[in-house]
Amino acid sequence: MRNCRKIKFKGFFDERGGLVAIENNKNLPFEIKRVYYIYNVPQGLERGFHSHRNLEQVLIAVSGSVKIRVKDGKNEETYELKNPDEGLFIGNMIWREMYDFRDKAVLLVLANHEYNPDDYIKDYKEYLNISKEYFKDKDSLNDILSTDTIKLNLVDDNDAEFLYNLRTNKELTKYISPVSGSIADQIEWINKYKIKEYQGKEFYFCISDLNNEKLGFVRLYNIDYNKKVLTFGSFLLKENHPKLTALESMIIMLNISFDYLNMEKVELDVRINNEHAKHFYQRFGFVKTKENNIDEFYEMTRENYDKLYNEKYYKYVRRKIKWKKWK
Ligand code: T46
């Protein structure tokens, strides 16, 4: 489902009850400009039946429960909100219908804009036309993140268990920091990451094969749009992954960095004793720039990338996609 997802808030629970705190841009992807709530909805009545051109909101059932049917013009999904420590982020261009209000439901809504009646699209046919156009460009992101053998998807809650399994695997995490805690902690971590993703500060991908078997993860972070440099890392593949997975993932990451995010340089660091990774990056065309007692630092410039792409990488992905610029 595009532009819509559940958010889990951290709850503080003790014998006195629970407390959830929400702060702009911390555990909420935007700044709150308006708060409203819907309550006393007679049983069986439905509300909504519209989309917003620009407005983004988070809906929370602070009491009782409510179901939300959302549509993006192509997909449809139903979410049930019944816990005050979870919310539903609904971005712009999403059709919503709220129904089945139960148990004295109070639906709290946090919105990133003041009320504006012109922002509503209330006619479903009109919505379908506008949303089709709107999502056309956005879809290209997922369409091109694939080769003949793998595809990449931006990480979400459904990847938490796999992420947990890989990051608690001692062998695999010899050279990166392992995680402690539980799958629930990974979900919370992913939720925090999603805010950075929304702000264009970081992109974390789950790599899978074309049968949807998950193979690993890779991340672009420290994205600096002024200096046009970012860091590549958190590259983790499960044991016995197909032979070309690392190479193909790397090529897609560089394609995104240079041709979508418009970077001039991609940097990475690797533990000095991680011979396998060092060898891989060097063979791939990364150039070592410095080292300290713990890490070696490598970089790939745009010039180098363009050259290597045509000479070496092209045959693996067979196309270099010119992305629309992010910024
Ligand atoms: C949405 C869903 C989740 C205002 O005057 N100011 C406001 O900020 C809002 C939200 C509404 N109104 C007025 C406009 C209507 O005369 O309140 C009346 C009821 O609003 P509406 O029929 O739009 O309510 P819902 O439940 O169908 O939709 C509301 C929000 O409008 C909408 O943005 O996403 O909740």
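Which residue just after H3 takes a positive phi? Gly200 does, with a phi of about 75°.

The model is predicted, so that local features need pLDDT of at least 70 and side-chain atom pairs count only at pLDDT 80 or more, while totals for chains, interfaces and linings use all residues. Residues are numbered from 1 along each chain as its sequence is written, and side-chain values use heavy atoms, with hydrogens and water left out.

**View 1. The buried face of helix H2.** Helices (H or I, at least four residues) and strands (E, at least two) are DSSP runs, numbered from the N terminus. In H2, residues 160–167, the buried positions (under 20% relative accessible area, with exposed over 50% and partly exposed in between, for a 1.4 Å probe and protein chains only) are Ala160, Phe162, Leu163, Leu166 and Arg167. Seen down the axis of H2, these buried residues fall within an arc of 165°, so they line one face of the helix; the arc is that of the directions from the helix axis to the C-beta atoms. Their cover, counted by contact (heavy atoms within 4.5 Å), includes helix H3 (183–198) and the strands S12 (203–209), S13 (214–224) and S14 (229–237).

**View 2. Helix H3 and its cover.** The 16 residues of H3 reach 22 Å from the first C-alpha to the last, close to the 22 Å expected at 1.5 Å a residue, where the expected span is 1.5 Å times one less than the number of residues. Its buried residues are Gln186, Ile190, Asn191, Tyr193, Lys194, Ile195 and Glu197, and what covers them includes strand S1 (4–8), strand S11 (150–154), H2 and S12.

**View 3. Phe232 in the largest nonpolar core.** A nonpolar core is a set of buried Ala, Val, Leu, Ile, Met, Phe, Trp, Tyr and Cys residues joined through side-chain atoms within 4.5 Å. The largest one has 53 residues, and Phe232 is among those with the most contacts inside it; helix H4 (residues 245–260) gives the most to this core, with 10 residues. Leaving aside neighbours within four places in sequence, the contacts of Phe232 include Leu220, Met250, Met253 and Tyr281.

**View 4. The open sheet of 7 strands.** The strand order is S11-S12-S13-S14-S15-S17-S16, with mixed pairing, two strands being paired if DSSP finds at least two bridges between them. The edge strands, S11 and S16 (287–291), each pair on one side only. S16 and S17 (residues 295–301) run antiparallel and are joined by 4 bridges, and Lys288 has Tyr298 of S17 as its bridge partner.
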